[in-house]
Amino acid sequence: MITHAVIFSPIGQSSRSDQIIQRLANAIISGLLSANEQLPNEADLARMMGVSHITIREALNTLRARGLIYTARGRNGGSFVADSVQKEAAPEDPFYNISTEYLSDLGEWHSAIFCHATRLAATRMTEKDRQGLTEFIDVLEQSDSPELRCQSDMRCLLTIAANSQSARIAHQELMIQAEWAALVTILYQSEAFHRQIVDDYRHLLAAFRAQDELLAAKVAGTLIDHFTTRLIEFKFSVQTL
């Protein structure tokens with residue numbers, strides 16, 4: 001799966017344990033790694049991420065201490081994603097600790113990264129890549145809970161970023177999602193918003209099929225703007241409660 005290829009891709013020489021912790025934590029918090037999903041074993045993780053077994057073990061111990069993963073013993077044992085990561089707080093809680101200016105800045109950062117990713121992906125995606133994205137959009141459309149919709153949405157975003165064929169852009173998108181997912185889940189309670197985002201993705205897919213870089217970037221900007229606008233609107237509604 002392309003999202004997992006990004007998550008478990010090699011770590012740079014200057015990053016080591018801290019970046020492994022950050023990358024896996026981001027993937028868990030955003031839902032890209034599902035609750036109770038088994039992680040690759042330590043040897044495979046070390047090989048995939050280009051670090052030593054000791055570095056992997058240190059990172060997993062930290063993630064375990066933070067309650068993001070747990071370990072099961074026995075024949076089918078290993079490290080698994082915790083199933084209570086997104087249940088620790090009510091959906092609106094994050095909005096009490098951030099400003100509208102912060103949301104606007106987060107949206108601008110996301111738009112800058114994602115719009116450039118779509119311009120690159122428009123000419124670099126293969127038909128197989130576009131078919132894979134189509135399947136993710138179909139899953140998003142069929143999802144019937146805010147949590148599942150958000151998780152499907154994050155997979156669409158990261159898949160597009162990965163298809164830019166720029167590891168730095170894909171990892172920036174993954175970093176953004178650690179903040180983004182916790183905020184946008186609440187928006188997916190709205191059926192109308194859900195339909196709007198699915199429509200945006202369908203339009204973006206059409207731009208990819210036409211290999212139209214400018215149209216893809218324009219639609220991508222519209223998609224992120226829809227999120228940012230609704231996040232700010234929700235923040236104002238929380239303030240008035």
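Select L33 and show what surrounds it: leaving out residues up to four places away in sequence, L33 touches H4, I7, F8, L24, A27, I28, L39 and V81, where a contact means heavy atoms within 4.5 Å. The model is predicted, so local features need pLDDT of at least 70 and side-chain atom pairs count only at pLDDT 80 or more, while totals for chains, interfaces and linings use all residues. Residues are numbered from 1 along each chain as its sequence is written, and side-chain values use heavy atoms, without hydrogens and water.

Together with L33, they touch the most other members of the largest nonpolar core, which has 76 residues. Such a core is a set of buried Ala, Val, Leu, Ile, Met, Phe, Trp, Tyr and Cys residues joined through side-chain atoms within 4.5 Å. Buried means under 20% relative accessible area, with a 1.4 Å probe and protein chains only.

Now go to A82, in the loop between β2 (78-81) and α5 (100-124). Helices (H or I, at least four residues) and strands (E, at least two) are DSSP runs, numbered from the N terminus. Is A82 buried or exposed? A82 counts as buried because its relative accessibility is 10%. Beyond residues up to four places away in sequence, A82 touches A35, N36, G67, L68, I69 and Y70. Then select N163: from A82 it is 81 residues away in sequence and 29 Å away in space, C-alpha to C-alpha.

Finally, show the whole protein chain, with its 10 helices and 2 strands. Its C-alpha atoms fill a box of roughly 45 × 45 × 35 Å along the principal axes.

Technical notes
Buried means under 20% relative accessible area, exposed over 50%, partly exposed in between (1.4 Å probe, protein chains only).
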